[in-house]
Amino acid sequence: MTSIRHTSSPNRVADDLLLDAAMECVLAVGVRRATLSDIARTAGVSRMTLYRRFPDVRGMLSSLITREFGKILAAANEAVRAEQNARGQLVVAAVHTIRALAANPLMHAVIERDAELLLPYIMERIGTSQRMTEDYLRALLTAGQADGSIRTADPVVQARTIFLLLQPYAFTIRPSTSDIGFDDLLAELGRLLDAALRP
């Protein structure tokens, strides 16, 4: 593992530098085998500097996933600019996000080596990244109802429904495309969402 060195004071180390180091360690050995000591060494900081920000590896992983998902949503925002209405934006954003998650190395590492860590976010509670997804969907649904491109309904219920539809794509897209083309599956998802949301 290469070391991500910094030159600033230990008290001023940016979270991104620490999360970059966590990403490097998780990709190299998986979540269960990564330790805060390894991450601190990779970041070039003391263990105490790391412990002040993140009490354990799982907490750090949660922050890392939230950061990575935030980047994906920001990229989705760029991808929808050419769409004429909010329904088109929602469809494009959903497909873009699933495609980006399927290609994301962190998601690959967690699903392949430590998939059980994701179970609480499927079976027990809704996490930060999932809330971000629902907020993003709800904003587009509200805009779509305002511009007439999305049928009128409670956007909170609509957002949760779409989220529940999309979540299995994020977690099972690789086995699901073992015998069906990835692009074909995403195209069908886009058609399904578009048809379901039309007024």
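These are my notebook entries on a predicted model of one protein chain.

**Ground rules**

I number residues from 1 along each chain as its sequence is written, and side-chain values use heavy atoms, with hydrogens and water left out. Because the model is predicted, I take local features only at pLDDT of at least 70 and side-chain atom pairs only at pLDDT 80 or more, while totals for chains, interfaces and linings use all residues.

**Entry 1: the chain overall**

I looked up the secondary structure and found 10 helices and 0 strands. Helices here are DSSP runs of H or I with at least four residues, strands are runs of E with at least two, and both are numbered from the N terminus. The pattern along the sequence reads α-α-α-α-α-α-α-α-α-α. The C-alpha trace spans about 55 × 40 × 30 Å along its principal axes.

I then checked burial: 42% of the 199 residues are buried. Buried means under 20% relative accessible area, exposed means over 50%, and partly exposed lies in between (1.4 Å probe, protein chains only). The accessible surface comes to about 10,500 Å², and carbon and sulfur atoms hold 55% of that. These areas come from the Shrake-Rupley method with a 1.4 Å probe; for residues, only the protein chains shown count as cover.

For contacts (heavy atoms within 4.5 Å), I took the pairs at least 6 apart in sequence; 68% of them join residues at least 24 apart.

**Entry 2: nonpolar cores**

I use "nonpolar core" for a set of buried Ala, Val, Leu, Ile, Met, Phe, Trp, Tyr and Cys residues joined through side-chain atoms within 4.5 Å. In soluble globular proteins, nonpolar side chains tend to be buried together.

The largest core has 31 residues, and those touching the most other members are Leu90, Ile98, Leu141, Ile162, Leu166, Leu189 and Leu193. At least two residues of this core come from each of α4 (57–79), α5 (86–103), α8 (128–147), α9 (155–176) and α10 (182–197). Which helix gives the most to this core? I find that α5 does, with 8 residues.

I followed Leu166 as one example. Beyond residues up to four places away in sequence, Leu166 touches Ala94, Ile98, Leu189 and Leu193. Apart from this core lies another, of 26 residues, including Ala22, Val26, Val31 and Ala40.

**Entry 3: helix α2**

Which residues of α2 are buried? In this helix (residues 36–43) I list Leu36, Ile39, Ala40, Thr42 and Ala43. They cover an arc of only 165 degrees around the axis, so they sit on the same side of α2. The arc is that of the directions from the helix axis to the C-beta atoms. Their cover includes α1 (15–29), α3 (47–53) and α4. After α2 comes Gly44, with a positive phi near 75 degrees.

**Entry 4: salt bridges**

I count a salt bridge where a side-chain nitrogen of Lys or Arg is within 4 Å of a carboxyl oxygen of Asp or Glu. The structure holds 14.

Arg67 pairs with Asp16, with the closest N and O atoms 3.3 Å apart. Arg67 is in α4 and Asp16 in α1, so this pair ties together parts 51 residues apart in sequence. Arg67 is buried at 14% relative accessibility, whereas Asp16 is partly exposed at 44%. Asp16, Asp20, Arg67, Glu68 and Lys71 are linked in a network of salt bridges.

Arg138 and Asp135 form another bridge, at 2.6 Å between the closest N and O atoms. Both lie in α8, 3 residues apart, which is about one turn of the helix. I also noted Arg81 with Glu78, at 3.0 Å from N to O. Arg81 is exposed at 62%, and Glu78 is partly exposed at 48%.

Is Gln158 buried or exposed? At 6% relative accessibility, Gln158 counts as buried. Gln158 lies in α9 and touches Leu141, Gln145, Ile150, Arg151, Ala153 and Leu197, leaving aside residues up to four places away in sequence.

Arg151 is in the loop between α8 and α9 and is partly exposed, at 37%. With neighbours within four places in sequence set aside, Arg151 contacts Gln145, Gln158, Ala196, Leu197, Arg198 and Pro199. Arg151 and Leu197 are 46 residues apart in sequence, and 5.8 Å apart in space from C-alpha to C-alpha.
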